[in-house]
Amino acid sequence: MINFEEELKKFHPSLEIDEAEDVIINHNLTDFTDILVEMVREQEKEKEQNAPGARTERVKE
């Protein structure tokens, strides 16, 4: 039978994992959630601009 306590004592994390962890934590990466939040903000902004009674600016030609 496996003795989990003994196995945990033998465990050493991979150096590659530590390096990847540092890179991920130290970089401001855009993830899927960030993209979705930005898309929702843009849609809300468009709705506000296209809402009845919304102020529209006319371009002089």
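Reading from the N terminus, the elements of the protein chain follow the order α-α-α. That amounts to 3 helices and 0 strands, where helices (H or I, at least four residues) and strands (E, at least two) are DSSP runs numbered from the N terminus. Please keep in mind that this is a predicted model, in which local features need pLDDT of at least 70 and side-chain atom pairs count only at pLDDT 80 or more, while totals for chains, interfaces and linings use all residues. Residues are numbered from 1 along each chain as its sequence is written, and side-chain values use heavy atoms, with hydrogens and water left out.

How much of the protein chain counts as buried? Of its 61 residues, 0% do; buried means under 20% relative accessible area, exposed means over 50%, and partly exposed lies in between (1.4 Å probe, protein chains only). Accessible areas come from the Shrake-Rupley method with a 1.4 Å probe; for residues, only the protein chains shown count as cover.

Let us start with helix α1, which covers residues 4-10. Side chains of opposite charge can pair when their charged atoms come close. The whole structure holds 2 salt bridges, each defined as a side-chain nitrogen of Lys or Arg within 4 Å of a carboxyl oxygen of Asp or Glu.

| Salt bridge | N to O distance |
|---|---|
| Glu6 and Lys9 | 3.6 Å |
| Glu7 and Lys10 | 3.6 Å |

Glu6 and Lys9 are 3 residues apart in α1, so about one helical turn separates them. Glu7 and Lys10 are also 3 residues apart in helix α1, again about one helical turn. Glu6 is partly exposed at 37% relative accessibility, whereas Lys9 is exposed at 61%. In the other pair, Glu7 is partly exposed at 40% and Lys10 is exposed at 54%.

Next comes helix α2 (residues 15-26), whose 12 residues reach 17 Å from the first C-alpha to the last, close to the expected 16 Å. That expected span is 1.5 Å times one less than the number of residues.

Finally, a nonpolar surface patch is formed by Phe32, Ile35, Leu36 and Met39, which together have about 410 Å² of accessible area. Patches are made of residues with over 30% relative accessible area and no salt bridge; like charges are joined within 9 Å, and nonpolar side chains (Val, Leu, Ile, Met, Phe, Trp, Tyr) within 5 Å. Met39 belongs to helix α3 (residues 32-50) and is partly exposed, at 46% relative accessibility.
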